[in-house]
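Here's a quick briefing for anyone opening this one up for the first time. Have a look at the fold, then read on.

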Amino acid sequence: IITDSKNTKNDCIKYLNIPEDKIKIIPLAPERKYKLLHNKEELRVELNMKYKISRQFILYVGTVELRKNIPLLIRSFHKLLIKGLKLQLVLIGIHGYGFDEIIKIINELGISQDVVILGYVPTNDLIKFYNTADLFVFPSLYEGFGLPPLEAMACGCPVITSNISSLPEIVG
């Protein structure tokens, strides 16, 4: 059996009773096109024109759902706004379980003008987002692997991620 992380290997042993010696770990890696670009100001102008990203921003990439801990991300972002930081929060990814609850939290906090939810974006644009984001945040509650933090790191973006499941071994 091939798994992509020690965490998934341990889950296979614990929950499926698979012998450890039957499991091989082969970690994933971002594609080579995820790389540092050097024309950041041009990219910022392009993203502003196409997606209305007009300020410095914090980026999240992944399914926009409760399991990914998006409510915590939104509440934490709100605290930054209260402290006076002029930022946008950009959420890129398909809408998943609990999306309506996430929208409700944004509206209750009165920050809908500061949170940009884009859904799917083409890979070439995603690379531009990673390169121009001031910070990438991935607060997931569980991941078998988690490629977005590696993609962000490959593009030179600082990453904050939760310290659970496979994420410490992935970004370590």
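In what sense do strand β3 (residues 56-61) and β4 pair, and over how many bridges? They run in the parallel sense, over six bridges. Before going further, bear in mind that this is a predicted model, where local features need pLDDT of at least 70, side-chain atom pairs count only at pLDDT 80 or more, and totals for chains, interfaces and linings use all residues. Residues are numbered from 1 along each chain as its sequence is written, and side-chain values use heavy atoms, with hydrogens and water left out.

**The sheet**
- Five strands make up an open sheet with parallel pairing, in the order β5-β4-β3-β6-β7; strands here are DSSP runs (E, at least two residues), as are helices (H or I, at least four), numbered from the N terminus.
- Two strands count as paired if DSSP finds at least two bridges between them.
- At the edges sit β5 and β7, each pairing on one side only.
- From one strand to the next, the twist averages 20°, with axes being lines fitted to C-alpha atoms and angles running from 0 to 180 degrees between N-to-C directions.

**Who pairs with whom**
- Q56 has L87 in β4 as its bridge partner.
- To get from β3 to β4, the chain goes through helix α3 (residues 70-82) in a right-handed β-α-β crossover; right-handed means that, with the strands pointing away from the viewer, the path from the first strand over the helix to the second runs clockwise.
- β4 also pairs with strand β5 (residues 115-119), again in the parallel sense, over four bridges, and L91 stands opposite I117 there.
- Helix α4 (residues 99-109) carries the chain from β4 to β5, in another right-handed β-α-β crossover.
- β3 and strand β6 (residues 135-138) pair in the parallel sense over two bridges, with L59 opposite F136.

**Inside: strand β4**
- Six of the six residues of β4 (residues 87-92) are buried, so the strand is largely enclosed by the rest of the structure.
- Buried means under 20% relative accessible area, exposed over 50%, and partly exposed in between (1.4 Å probe, protein chains only).
- L87, L89 and L91 point one way, while Q88, V90 and I92 point the other way.

- I164 is in the loop between β7 (159-161) and α7 (167-171).
- I164 counts as partly exposed because its relative accessibility is 33%.
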